[in-house]
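Good morning, everyone, and thank you for making the time.

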Amino acid sequence: MNKGFVISSRALALVTMVAALVPRPVAGQTSTVSAAAAQTNGNLPRTSDGKPDLQGVFFYGTLTPMQRPHELAEKAFFTNDEEVAAYEKHLRETDPQVSESARPKNVCASCPEKDDGVTDPDIVFAGGNSFNVFWQDKGTHIVRDWRTSLVSNPPDGKIPPMTPEAKKVAADRIARRRGQASAEDLGVAIRCLFRPEAGGPPMVPFPYNSYVQIFQTPGQVVIYNEMIHRARIVPLDGRPHLPQSIRDYSGDSIGHWEGETLVVDTTNFKDENVAGADRNLHLTERFTPIDAATIHYEFTVDDPTAFTKSWSVSNYLTKTDDKVYEYACHEGSDVAVILNGARIVEKKLAEEAAKKNEQK
Amino acid sequence: MITGKRAAGAAILLLAALPVFGQAPGYKAPLAANGHPDLNGIWQVLGTANWDIQPHSAGPGLFPQLGAVGAVPGGQGVVEGDEIPYQPWALAKKKENYEKRWTDDPEIKCYLPGVPRATYMPFPFQIVQTPTLILIAYEYANGARIVYMDSKDEAPADYWMGWSRGRWEGDTLVVDVTSFNDKTWFDRAGNFHSDALHVIERYTRTGPDTLYYEATIEDPKVFTRSWKMSMPLYRRLEKNVRVLEFNCPEFTEELMYGQFRKKSQ
């Protein structure tokens with residue numbers, strides 16, 4: 001089963017799904033973190049040990065962009081239905097998934113002669129005029145609190161600048177990805193090792209498969225993301241983190257309850273993490289149920305060697321009747337095709353250059 | 001009629017009450033919240049079934065330079081009756097697989113191992129048991145599968161790890177697994193199946209730190225009849241033991257993609 005087919009089965013299911021999955025915001029609903037927490041009421045479902053029952057399959061895709069768009073620089077939240085409707089319409093019209101005219105032309109990461117300035121193969125894959133646009137599944141609405149970016153802190157809605165060292169690492173990484181000299185250069189996502197911009201941790205909406213299933217048993221919570229089938233088993237029994245010498249792509253997660261909020265603390269990461277975070281990433285995720293079908297999901301990235309200050313994201317997990325399916329990523333890997341293609345292009349370019357030299 | 005039904009019911013009860021191999025007399029498993037035996041925990045097999053599910057002698061490995069480190073340990077096998085009832089063509093195929101085992105075993109490429117092989121890979125796995133769903137998370141390849149309890153939902157596609165639906169029969173968790181692809185093997189010795197594979201797994205607590213695992217294998221395209229393998233599983237008891245990542249695609253890249261590496265100029 002390659003990943004394309006896995007997605008197709010989801011796409012088929014989606015066709016039959018009603019568009020009204022995402023609850024519409026209540027008019028005048030306030031949108032701060034504390035307000036969301038304040039909405040928590042005593043009637044939420046509970047597990048046998050009295051904790052909020054967070055179990056279920058949740059969708060976390062949204063039209064809301066990660067960072068606040070330039071044109072909304074002064075606007076942290078939309079304030080009325082008309083604004084939201086207009087903005088959602090704008091997003092759809094500029095979304096290559098929906099709008100033919102929005103699709104970039106001639107985007108080809110491994111074709112130097114047609115370089116159009118897109119530097120990141122992942123961006124080409126996710127947003128471009130790629131073979132797989134039709135089954136993408138980004139959600140149909142912005143986040144329910146009408147925030148204009150997923151980044152909630154700092155207040156400008158932008159991920160803070162990277163440190164000079166981290167910038168250098170990121171630039172080097174992009175150069176290596178463009179060179180496509182070996183599998184190790186392609187990045188952890190394409191290599192099917194870890195999806196720092198999808199299932200994570202942290203969970204970041206991606207154009208497809210933004211589904212997570214939560215399981216609870218006494219003393220532990222399991223966060224199982226479709227991307228890429230790593231069940232994150234989070235002990236809640238007060239044990240310490242693993243020794244720093246053990247590093248996993250998805251880090252080491254431990255958790256505890258703060259009132260109605262599940263707090264998950266993750267360290268022991270490897271080098272390549274969300275938005276350019278490095279192995280010193282200290283991730284704090286907060287899951288606060290706000291009604292039987294919705295969890296407020298926030299995460300804070302604390303990584304002083306990668307970012308000049310810490311930053312946070314606010315999103316919502318919306319319960320769905322859908323399932324989390326097997327995502328056999330490596331088993332349907334494109335790495336051989338990508339590298340082979342790059343070598344063919346190089347050979348062709350070298351032959352053309354040699355021919356030109358002969359003609360001179 | 002009524003008598004007959006009652007007798008059949010009694011027989012089923014009797015079957016359910018029969019002790020599983022290795023079960024301590026009178027052992028009663030602790031119960032989870034919904035009244036069924038609690039299978040939560042980190043478990044692992046001992047033995048060499050992943051090398052060969054059938055009885056086999058110790059032997060040399062592929063790389064002489066690895067000496068004893070690379071050698072294959074012997075084992076008494078886990079197949080009931082030792083023999084696997086292959087159809088004639090399939091027995092020939094199995095022998096061919098064995099000859100090519102150092103290149104063709106899907107484990108070499110870190111592909112998801114399928115069921116039941118995931119259970120007896122030499123890595124721990126964790127059972128997360130809720131009343132309606134059971135998640136089994138394997139360290140090998142970060143594999144995982146969800147067991148839908150008392151579910152009639154059909155698989156929308158084929159999967160490396162199959163489509164698992166569970167039910168309780170007395171104190172035994174029975175998992176019916178279907179919708180496999182034909183790309184996984186049962187072991188490193190080339191024992192194989194087709195996409196018609198149907199596995200019925202049985203998990204029974206036999207003591208505080210042991211489970212007994214049985215898998216009935218049906219595949220009319222490959223075998224002449226169904227057959228069974230079984231083995232004990234042991235709880236990992238180390239303090240702070242965790243299922244870590246064995247994110248093995250990384251370890252296969254030179255093997256799988258090295259030929260496409262850019263030659264240094």
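I would like to begin with the second largest cavity, whose lining draws its largest share, four residues, from β4 of chain B. By a cavity I mean, on a 1 Å grid over the protein atoms alone, a set of points where a 1.4 Å probe fits but cannot get out, and lining residues have an atom within 4 Å of a point. Strands here are DSSP runs (E, at least two residues), numbered from the N terminus.

Residues are numbered from 1 along each chain as its sequence is written, chains are lettered from A and ligands numbered from 1 in the order in which they are written, and side-chain values use heavy atoms, with hydrogens and water left out.

Returning to that second cavity, it holds about 140 Å³ of space, a volume being the space filled by probe spheres set on the grid points, which are joined across faces, edges and corners. Of its 13 lining residues, the closest to the centre are A:V324, A:E326, B:R145, B:I146 and B:G162, and both β4 (144–149) and β5 (163–169) of chain B supply at least two residues of the lining.

How much space lies in the largest cavity? About 210 Å³, and of the 24 residues that line this cavity, the closest to its centre are A:L193, A:I228, A:H229, A:R230 and B:N142. A search of the whole structure finds eight cavities of 30 Å³ or more.

Now to the strands of chain B, where nine of them, β1 to β9 in order, close into a barrel with mixed pairing, two strands being paired if DSSP finds at least two bridges between them. Within chain B, β8 (residues 210–218) and β9 (residues 227–235) pair in the antiparallel sense over eight bridges, and B:Y212 of chain B stands opposite B:P232 in β9(B).

Finally, a word on confidence: chain A has a mean pLDDT (the predictor's confidence in each residue, from 0 to 100) of 83, with 77% of its residues reaching 70 or more. Over residues 11–38 of chain A, however, the pLDDT is below 50. Where pLDDT is low, the predicted coordinates should not be read in detail.

Conventions:
This is a predicted model: local features need pLDDT of at least 70, side-chain atom pairs count only at pLDDT 80 or more; totals for chains, interfaces and linings use all residues. Contact means heavy atoms within 4.5 Å. On a 1 Å grid over the protein atoms alone, a cavity is a set of points where a 1.4 Å probe fits but cannot get out, and a pocket is an open set with protein on both sides within 12 Å along at least five of seven lines; lining residues have an atom within 4 Å of a point.
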